[in-house]
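Hello,

Here is the structure I promised to pass on to you. Please open it first, and then read my notes below alongside it.

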Amino acid sequence: MKYISAFIIVLILFHKANGQNMLPESFFDGKSVVLISNSPQAQPSMDWKTLSEKIHSPLVAAGADPIGYYELEDIALSGEVQAGYGDAFSKRKVATIILLTRKANGELVLNITPFTKNKNIVSNSGGWNTAANSLEELSTTLENVGKSNPSKNYLVLEVPEFPNSSEGLTTAKGFIAKNPLNLEVFKLGVPLTGAVGEEGFLSTFRYDLLGKSPETVLAEQNAEKAEIESILKNHYSNQVEYLTEYRTDAELIANRVQFVLMRLEAREGDLMKSMGLEVENIEEKTGIVVKYYIRFLVRNENYIGPKWDAHPNAQVALRQFLENLKKN
């Protein structure tokens with residue numbers, strides 16, 4: 001195969017690096033933030049904040065200084081949102097990122113890695129990780145860590161803190177509720193599953209992605225391409241180039257790809273707010289939807305279209321977005 005998905009390479013590097021299973025020194029001598037990805041299908045049922053409350057004391061016992069808990073999906077919502085949180089964490093002098101993933105089968109996976117101090121937040125260079133079948137098992141592991149490693153974190157919080165979820169949210173700028181011009185002149189890049197760089201690595205810790213094999217990712221990528229090709233063939237008449245590996249903006253522009261089709265999947269109210277739209281009754285817009293938009297690389301502008309067309313079904317969302325592209 002000519003191209004290998006950047007995501008597959010990342011998975012391989014990640015698992016090799018974690019074979020070392022070394023806890024970063026910053027865990028025992030610096031501030032940490034905890035990112036939780038909690039499957040709603042896991043049993044017993046609990047939300048991510050309840051999970052945070054249960055894991056806080058074991059993390060402190062292990063030697064950490066967790067200064068804030070966040071839902072991972074909120075931070076990995078988009079590159080712009082992630083960059084905002086990365087900046088906020090830097091200002092708070094965060095040293096370590098703790099990622100707790102609770103998968104649908106109830107398995108808990110804990111990853112601890114140094115904070116990159118940039119928009120990537122985490123890198124694929126490895127860190128420390130452990131897995132457990134229950135909170136009790138994970139708590140015991142963390143308590144044993146504390147017994148064998150002295151910590152310099154002393155004045156730690158006794159209970160978890162949940163900072164304002166909009167902390168670091170610097171979105172809305174760059175999102176335009178119109179259609180881009182000159183789509184017929186340049187190629188539209190269409191990234192397939194896994195065609196991400198360092199910025200997208202944070203998403204791989206989501207409960208529905210963590211632990212997937214390279215073969216599974218590749219199969220999903222091929223299936224996704226077939227679906228997208230079918231839809232684009234009937235609803236988009238301009239040039240298209242499928243992106244199966246990560247490429248920089250400069251590389252894309254040099255190949256006459258000035259537009260890139262982007263996809264976001266999150267709670268509808270969060271998506272609308274992050275794109276600068278007015279949201280009525282945001283507490284009622286909690287369903288997970290898919291929203292497509294087009295990124296104009298030359299100006300770093302994001303065109304979400306003249307009409308809100310997100311939908312729970314990705315194929316429907318794409319068809320609606322492409323149809324709305326034809327409107328003035």
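Lys117 sits in the loop between strand S4 (108–114) and strand S5 (128–132); helices (H or I, at least four residues) and strands (E, at least two) are DSSP runs, numbered from the N terminus. Before going further, please note that this is a predicted model, in which local features need pLDDT of at least 70 and side-chain atom pairs count only at pLDDT 80 or more, while totals for chains, interfaces and linings use all residues. Residues are numbered from 1 along each chain as its sequence is written, and side-chain values use heavy atoms, with hydrogens and water left out.

Back to Lys117: its phi is near 65 degrees, a positive value in a residue other than glycine. Lys117 is exposed, with a relative accessible area of 57% (buried means under 20% relative accessible area, exposed over 50%, partly exposed in between, with a 1.4 Å probe and protein chains only). Asn182, in the loop between S6 and S7, also has a phi near 65 degrees, again positive in a residue other than glycine. Asn182 is partly exposed, at 43% relative accessible area.

Is Ser26 buried or exposed? Ser26 counts as buried, because its relative accessibility is 18%. You will find Ser26 in the loop between helix H1 (6–18) and strand S1 (31–38). Leaving aside residues up to four places away in sequence, Ser26 touches Ala95, Thr96 and Pro114; contact means heavy atoms within 4.5 Å. Ser26 and Ala95 are 69 residues apart along the chain, yet their C-alpha atoms are separated by 5.8 Å.

One more loop to look at is the one between S1 and H2, where Pro44 is found. A cis peptide bond, with omega about 0 degrees, joins Gln43 and Pro44.

**Two helix pairs**

Helix H2 (residues 48–62) and helix H5 (residues 135–148) have axes 6 Å apart and pack at an angle of about 20 degrees. Axes are lines fitted to C-alpha atoms, for helices over the stretch in contact, and angles run from 0 to 180 degrees between N-to-C directions. H2 and H5 are therefore roughly parallel to each other (under 35 degrees counts as roughly parallel, over 145 as roughly antiparallel, 65 to 115 as roughly perpendicular and the rest as oblique). Among the residues making the contact are Leu51, Ile55 and Leu59 of H2 and Leu138, Leu142 and Val145 of H5.

The axes of helix H6 (residues 214–235) and helix H9 (residues 314–324) come within 10 Å and cross at roughly 25 degrees. H6 and H9 are therefore roughly parallel to each other as well. Their contact includes Ile228 and Ile231 of H6 and Leu318 and Leu322 of H9.

**The sheet**

An open sheet of six strands runs in the order S6-S11-S10-S9-S7-S8, with mixed pairing (two strands pair if DSSP finds at least two bridges between them). The edges are S6 (175–176) and S8 (240–243), each pairing on one side only. H9 packs on this sheet, touching S9, S10 and S11 (301–303), and its direction makes about 40 degrees with that of S10.

Strands S7 (residues 187–191) and S9 (residues 257–267) run parallel and are joined by three bridges; Lys187 stands opposite Val257 in S9. S9 pairs with S10 (residues 288–296) in the antiparallel sense over nine bridges, and Arg263 stands opposite Tyr292 in S10.

Happy exploring!
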